[in-house]
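Subject: A structure for you to look at

Hi there,

Here is the structure I promised to hand over. Please open it first, and then read my notes below with the model beside you.

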Amino acid sequence: GRLVFPPSVDEQEIVIRAVLDDIPESDESYLVTLSNITGGGVFDANKATIFIRQNGDANGIVLISPASRFLVLSEEKGSYHIQVIRNAGSFGTVEVGWKIAPDDSNAFVLDQGKITFVPQQQNADIDLFLKSDNTPELSKTFTLTLETIQGGARFDTDPDATAATLLVAASDNPHGIVQFSSPFTRDVSEGVGKVMLGLTRLFGTFGTLRVNYTTNGSAVDGSDYTLNTYSIDITPGRQSSSVEVDVIDDSLPELTESFFVQLVSVELVSQESNTSVVQGVQIDTLPSLGSPTTSYVTILENDYPYGVLEFDAASRRIDLSEDAGSQQLTLTRTGGTFGVVVVTYQSRNASAGAGEDFDLGFD
């Protein structure tokens, strides 16, 4: 432009204006310089510096990407990324501090840290690493919060935009795997009374489990053995239990019989679980059956199932005269009558001689 100082005028003004727009800008400046003076005047201070201060959040508005505000994490995958966005301006270097709560030293390798945006950078990632171990753990929810910010930027005013919910799925069978413990087969007598079939709960012991089972075999439930129940509860913290079987002791001659107890299912009865799959991850795991699920019991033969053989009372002493002719000796089989039993017999000479004094009729 051009200014004219008429005679007797000692002050004139140059009008400057800042242009208002929606573009975030950092601090800017320019010079206004006086030049080409005519009419006899001279310059003294011929430069003016004009500063335009930053506007429109030039250093940015920081928030967590909507896609990263809810994540389901699994120990198996291990590593995840939380995307943090710098909206509006991207001038200057901005440092953002974050933290995970509640504190849990077994969950994350790092539960707090910082990320840095360099000038013109609009996206940065928080890298999360889950600890990999063999410890049974239930699902647990954590919250990651952006807590501190430096470098002239600010957080988004929506509090939901600066926090992420992290749902860590259950791992390493927290409710356990149930199976029979050794020995898996056993022989017992009818008089044993009770037989305890051991159960083992492997891995985790969270929650109360109900183990359901059934029986079958040549031995008959109710006649040869009894179970008071067909399920058993294993309480939290317990790693073992037993299926209790009562063997019935009676006077009936019986051959060897057997039965088995078969685990058919296990269920969690003490708490609710969420087995839904979210973001490709199953949140909770249910208890399960391992191997073996069958335990065998053999009840040995009892009460003389093949019988007790003896002469009857009348045959144990017989008085004969030489003219009595033939006489029968009666052999009895008491107790059981299973199977074919063959008895051999013979005479033994005493004072009477075989063939001279008596004749033993062999069949």
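Two strands count as paired if DSSP finds at least two bridges between them. Strands themselves are DSSP runs of E with at least two residues, numbered from the N terminus.

Before going further, a word on the source: this is a predicted model, in which local features need pLDDT of at least 70 and side-chain atom pairs count only at pLDDT 80 or more, while totals for chains, interfaces and linings use all residues. Residues are numbered from 1 along each chain as its sequence is written, and side-chain values use heavy atoms, with hydrogens and water left out.

**Sheets**

S3 and S5 sit in an open sheet of four strands, in the order S8-S5-S3-S10, with mixed pairing. Its edge strands are S8 (123-129) and S10 (154-155), each of which pairs on one side only.

**A buried serine**

Is Ser68 buried or exposed? Ser68 has a relative accessible area of 7%, so it is buried. (Buried means under 20% relative accessible area, exposed over 50%, and partly exposed in between, with a 1.4 Å probe and protein chains only.) Ser68 is found in the loop between S3 and S4 (70-73). Leaving out residues up to four places away in sequence, Ser68 touches His81, Ile82, Gln83 and Ala164; contact here means heavy atoms within 4.5 Å. The C-alpha atoms of Ser68 and Ala163 are 9.3 Å apart, although 95 residues separate them along the chain.

**Salt bridges**

How many salt bridges are there? The count comes to eight, where a salt bridge is a side-chain nitrogen of Lys or Arg within 4 Å of a carboxyl oxygen of Asp or Glu.

- Lys140 pairs with Asp104, with the closest N and O atoms 3.0 Å apart. This links distant parts of the chain, as Lys140 is in S9 (residues 140-150) and Asp104 in the loop between S6 (94-101) and S7 (112-117), 36 residues apart. Lys140 is partly exposed at 34%, whereas Asp104 is buried at 18%.
- Asp246 pairs with Lys194, with the closest N and O atoms 2.6 Å apart. Asp246 lies in S18 (residues 240-247) and Lys194 in S14 (residues 194-202), so the pair ties together parts 52 residues apart in sequence. Asp246 is buried at 18%, while Lys194 is partly exposed at 46%.
- Arg316 and Glu310 meet through their side chains (3.4 Å, N to O). Arg316 is exposed at 55%, and Glu310 is partly exposed at 35%.

Salt bridges that share partners also join Lys194, Glu244 and Asp246 into one network.

Happy exploring, and write back with any questions!

Best wishes
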